[in-house]
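Have the viewer open while you read.

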Amino acid sequence: MQRDVGSLPLAPALRARLVAAGFQTAQELLDTGPCGLSKEIGISKEEALEALQVVRQECHSDATQTAGAPGTSRKCTALELLEQEQAQGFIITFCSALDNILGGGVQLTKITEICGEPGVGKTQLCMQLAVDVQIPECFGGLAGEAVFIDTEGSFMVDRVVDVATACVQHCQLIAEAHQEEDHLKALETFSLESILSHIYYFRCRDYIELLAQVYLLPDFLSEHSKVRLVVIDGIAFPFRHDFEDLSLRTRLLNGLAQQLIIIANDHKAAVVLTNQMTTRIGQSQSTLVPALAAAVPAKEAAIPAGGHCPNLHAG
Amino acid sequence: MAPKKLRRARLSQELCERLSRYQITTCQDFLCLSLLDLMKVTGQSYRNVQKLLCKVSLACAPKMQTAYEMKVRRAVNPSSAFLSTSLHGLDKVLHGGVPCGSLTEITSPPGCGKTQFCIMMSVLATLPVSMGGLDGAVIYIDTESAFSAERLVEIAGNRFPAYFDSDEKLFSMTRSIYLYRELTCGSVLKRIKSLEEEIISKKVKLIIIDSVASVVRKEFDTKLQGNLTERSNFLARGASLLKYLAEEFSIPVILTNQITTWLSNGLAIQADLVSPADDLCLSEGASGGGKRESGSVTAALGNTWSHSVNTRLILQYHDLPTRQILVAKSPVAPFSAFFYTVEKSGFVLQDGKDQTNLTWEGTNPALQNIKMQQPVNAGQGMGALNPQNNRQVHHCAVHRATVNTRYKPATLHLEGKLSSELTLISEREKKPRAPAIRSFSGGNSLGCFLSDHWDLPARAGQK
C-alpha cells in the first residue's frame with residue numbers, strides 16, 4: 001500500500017502528471033477516488049477509473065506476496081520442489097544411452113539445447129521427440145501435443161510419418177505382450193493421423209517472425225493446454241546473418257530465453273532448441289563450439305562429430 | 001520479405017503517427033524494443049502495451065499448420081514433391097529424388113561431374129510429368145561459364161532417345177532452359193532477388209546455381225580482415241533467399257560447391273573472435289602444398305553453409321573411370337554411396353556394387369573426407385603460385401577441357417608442368433564457342449584469367 005506512484009504500471013504521461021500533482025503513494029490514489037482524481041489531474045472519469053483499477057490490482061498482488069499466501073506466490077520448500085520434480089514426467093527419446101544421461105529423458109519445465117555439426121541428426125531428434133511426447137500414459141509417455149517452430153526448413157513430413165509409424169508399431173507390440181485393457185483402449189486413439197494432427201508446425205523465415213511467434217506462444221499454449229513440448233529447430237540460423245548490431249542480437253536472444261523459461265514453467269512444457277556449430281579460432285588451434293553460446297541458459301546435449309548416434313526408429 | 005509497415009498491422013492511425021516520430025515505422029522496429037521502451041514510446045500502460053505487442057505479432061507471425069495437413073497436401077500431388085534423378089538406386093534412398101522446397105548441394109573435387117549432373121538435371125526437369133520430370137522451365141545461373149549447350153543436347157538425345165526423336169522436341173527443350181552468366185557475388189545476389197517474378201512468368205520448376213563457391217572464393221580472400229563477415233553475410237542472405245523461393249514455389253534448388261583443405265593444426269589467418277571464422281579454407285602458409293595427402297579435403301564454404309543446405313551429395317573419385325556419389329546429409333536418407341560413370345548419356349549408376357565398399361567416415365558432411373584424383377604437386381614447376389589459387393585454376397581448366405572434348409572420362413592429369421598447362425589452355429582458345437582463357441606469365445609465376453570481361457576485385461589478391 002505504500003508503493004511509490006512512480007513504480008506503478010501506468011501510462012508514462014499519466015504517471016508524470018500524478019507525480020507532478022504531488023501524489024506519492026498508491027494508498028493516496030486509492031483514497032482519492034476516481035472523481036477527485038479526475039478533477040485534480042484533469043483527466044476524464046473513465047481514465048481515472050481505469051488507472052485506479054490497475055493500481056488496485058497491483059496492490060492486491062503485492063499484498064498476497066508479502067502475506068505469503070501459498071497459491072499465488074512462487075516460493076516453496078526444497079522438499080516440495082523435489083516431490084514435484086520426481087513426479088514429473090520425461091519425454092523419452094527411445095535411445096537408452098541418451099535417456100540415461102539426461103536422467104530419464106527430456107525434462108519438462110526446462111530448456112534443453114541440442115547442438116551438433118551439420119547432418120549429425122539434430123532435426124531427426126527433434127522430430128522423434130515431437131512424436132514421443134504423444135505416447136499415451138499407459139505406455140509411459142505424456143499424452144501431450146507438440147509445437148514445432150522451424151527456421152531452417154528441414155522438417156520433412158515423410159520422415160515424421162516413418163517415425164510415427166514405427167512408434168505406433170512399437171506400442172502395438174507392447175500391448176500385445178501385456179494384453180491389458182487400457183493399453184488397447186489407448187491404442188485406438190494413438191494412430192498415425194492423430195499423431196500428425198497434434199504436431200503444430202510454424203515456419204519462421206526470419207528473426208522477426210520468430211520473435212512474433214514466441215510472443216504469441218503463451219496465448220497459443222493456453223488455448224491448446226495439452227502441449228507439452230515446444231521445439232525451436234534452428235534458433236541460431238535467423239540470428240547469424242544480417243546483424244550488424246551485436247548488442248541488439250544479444251538483447252533479443254536474452255529476451256527470447258526469458259520468455260521461453262516463463263513458457264516452460266507456466267505451462268509445464270519442455271522447450272528444446274537446436275543450435276549450430278561454429279569454429280572458434282584460438283591461438284594455436286581451432287575448436288568447434290556451439291554458436292550463440294551462453295546466450296541461452298539451458299541444459300546442453302552436444303552430439304560430437306563421428307559420434308555414432310544410433311538410428312532412432314529408422315523407418 | 002521487406003519489413004512490414006505498422007499501418008498494415010492494424011494499429012490506429014494516431015498511434016502510427018506517434019511512433020513514426022520516434023522513427024518506428026516497421027513491425028521489425030516495434031518488436032525489437034523492450035516493454036519499457038514501448039511504454040515510453042506509445043505512452044500506454046503496461047497491459048495495453050502487451051496487447052499491442054500481441055496485435056503486431058499476429059501480423060508478423062507465420063500461419064500454423066499441423067503435420068497432418070502437410071501430409072495430406074503432399075499426398076494430393078505426390079509427383080511434385082521430388083524431382084527424380086533417373087538414377088534408380090539414388091532415388092530409392094532419397095525417397096523419390098531431389099526434394100522440392102529445399103536446397104540440395106553437390107560437392108566434389110574438380111572434374112568429377114558436378115556440371116554434368118546439373119546439365120542432366122536440367123534435361124530431366126523439362127520432361128513431362130509422366131516421364132518423371134516437372135514439365136517446366138529451368139533457370140541456370142552459371143558463374144564459371146561451364147555450361148555447354150552441345151552437351152545438353154547430347155545428353156538429352158542419348159538418355160531419352162525415344163522421347164527426343166525429332167529436332168523440334170530438342171529445340172523446345174533447349175528453349176525452356178534460361179541461362180544467366182553472372183561473374184560477381186553482387187550480380188549473383190541481384191539475380192536471385194529478381195528470380196521471384198521470373199519464376200512466375202516463365203513457369204520455372206528448377207533453379208541451378210553452378211557454382212556458389214567459385215564466385216565467393218574469387219571475391220573474398222579470407223586472409224584479409226573483415227572479408228569473413230562479409231562473406232558469411234552474403235552466403236547467409238543468398239541461402240535464405242533461395243530457401244524462400246524454394247518453399248514458396250515448391251521447386252528444387254541445386255547448388256554446387258568446391259572443396260577445401262581441412263587443417264587440424266596450424267592456422268595462417270588472424271580472425272577476430274567477434275565473428276568467428278567458420279571456414280578453414282586457408283592457404284597452407286609456410287609449409288607448402290606438397291605435404292597435403294590425397295583424401296584430406298572437404299566441402300568448402302564452411303560450417304554455416306553446411307548448416308544452410310538441406311541435402312548434400314558428394315561426388316568423389318574411386319578407380320577411374322568409376323566414381324562414387326555419397327549422400328552425406330539428408331533429412332530423409334541415411335548415409336549411402338553409389339558407384340557411377342559418366343557416359344554420353346550423362347550419369348550411369350553401376351548396379352550391384354552399391355554399398356559394399358562403403359567407407360564410413362563419420363556422419364559429419366562438413367568434415368567428410370573426399371578423395372581427390374591425384375595429389376596436386378604445387379612444388380614442381382609452378383613457381384610462386386599460391387596453392388589455393390592453383391587448385392582453383394585446375395578446377396576451372398579441367399572443367400573447360402572436359403566439356404569441350406565431348407566428355408571423355410577425365411584422364412587429364414595436370415602434372416604441373418608449365419608447358420603442358422599452356423598447351424591445354426591454348427588448345428581451348430581454338431574453340432570459338434568457349435570463353436577464351438588468356439594466360440600470361442610474369443617471371444616464374446603463372447596466372448590465368450577467365451574471359452575478357454571479368455573484373456577481379458582488388459581484394460581477391462590474385463595477380
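## Chain B at a glance

Among contacts in chain B between residues at least 6 apart in sequence, 66% join residues at least 24 apart, where contact means heavy atoms within 4.5 Å. Chain B has 463 residues, and 55% of them are buried; buried stands for under 20% relative accessible area, exposed for over 50%, and partly exposed for anything in between, using a 1.4 Å probe and protein chains only. DSSP gives chain B 15 helices and 16 strands, counting helices as H or I runs of at least four residues and strands as E runs of at least two, numbered from the N terminus.

A word on the ground rules: this is a predicted model, in which local features need pLDDT of at least 70 and side-chain atom pairs count only at pLDDT 80 or more, while totals for chains, interfaces and linings use all residues. Residues are numbered from 1 along each chain as its sequence is written, chains are lettered from A and ligands numbered from 1 in the order in which they are written, and side-chain values use heavy atoms, with hydrogens and water left out.

## The sheet in chain B

Chain B holds an open sheet of nine strands with mixed pairing, running β6-β5-β7-β8-β4-β11-β12-β13-β14. Two strands are taken to pair if DSSP finds at least two bridges between them. At the edges sit β6 (177-181) and β14 (346-349) of chain B, each with a pairing on one side only. From one strand to the next, the twist averages 25°. Helix α7 (residues 114-126) of chain B packs on this sheet and touches, among others, β4, β5 (137-142) and β7 (204-210) of chain B; the direction of α7 makes about 160° with that of β5(B).

Zoom in on one pair: β4 (residues 103-107) and β8 (residues 253-257) of chain B run parallel over five bridges. L103(B) has V253(B) as its bridge partner in β8(B).

T322(B) sits in the loop between β11 and β12 (323-329) of chain B. Its relative accessibility is 10%, so T322(B) counts as buried. Leaving out residues up to four places away in sequence, T322(B) touches Y317(B), F339(B), Y340(B), T341(B) and Q350(B).

Helix α8 (residues 149-159) of chain B has R151(B), L152(B), E154(B), I155(B), A156(B) and R159(B) buried. Those buried residues pack against α7, α9 (167-175), β6, β13 and β14 of chain B.

## Cores

A nonpolar core here is a set of buried Ala, Val, Leu, Ile, Met, Phe, Trp, Tyr and Cys residues joined through side-chain atoms within 4.5 Å. The largest one has 52 residues, and V147(A), I232(A), L6(B) and F30(B) touch the most other members. Helix α10 (residues 207-223) of chain A gives the most to this core, 11 residues. Setting aside neighbours within four places in sequence, I232(A) contacts I149(A), L210(A), V214(A), L260(A), V272(A), L273(A) and T274(A). There is also a second, separate core of 43 residues, which includes L87(B), C112(B), L152(B) and F164(B).

## Two helix pairs

Axes are lines fitted to C-alpha atoms, for helices over the stretch in contact, and angles run from 0 to 180 degrees between N-to-C directions.

| Helix pair | Angle | Axis separation |
|---|---|---|
| α10(A) and α11(A) (246-266) | about 20° | 10 Å |
| α11(B) (212-219) and α12(B) (227-249) | about 155° | 11 Å |

The angle in the chain A pair makes α10(A) roughly parallel to α11(A), whereas α11(B) is roughly antiparallel to α12(B). Angles under 35 degrees count as roughly parallel, over 145 as roughly antiparallel, 65 to 115 as roughly perpendicular and the rest as oblique. Residues making the chain A contact include L210(A) and V214(A) of α10(A), along with L256(A) and L260(A) of α11(A). In chain B, V212(B), V216(B), R217(B) and E219(B) of α11(B) meet N227(B), R231(B), F234(B) and L235(B) of α12(B).

Most residues other than glycine have a negative phi, and most peptide bonds are trans. The bond from D210(B) to S211(B) is cis, with omega near -10°, and S211(B) lies in the loop between β7 and α11 of chain B. A143(A) is a residue other than glycine with a positive phi, near 50°; A143(A) is partly exposed at 26% relative accessible area. S86(B), not a glycine either, has a positive phi of about 65°, and at 32% relative accessibility S86(B) is partly exposed.
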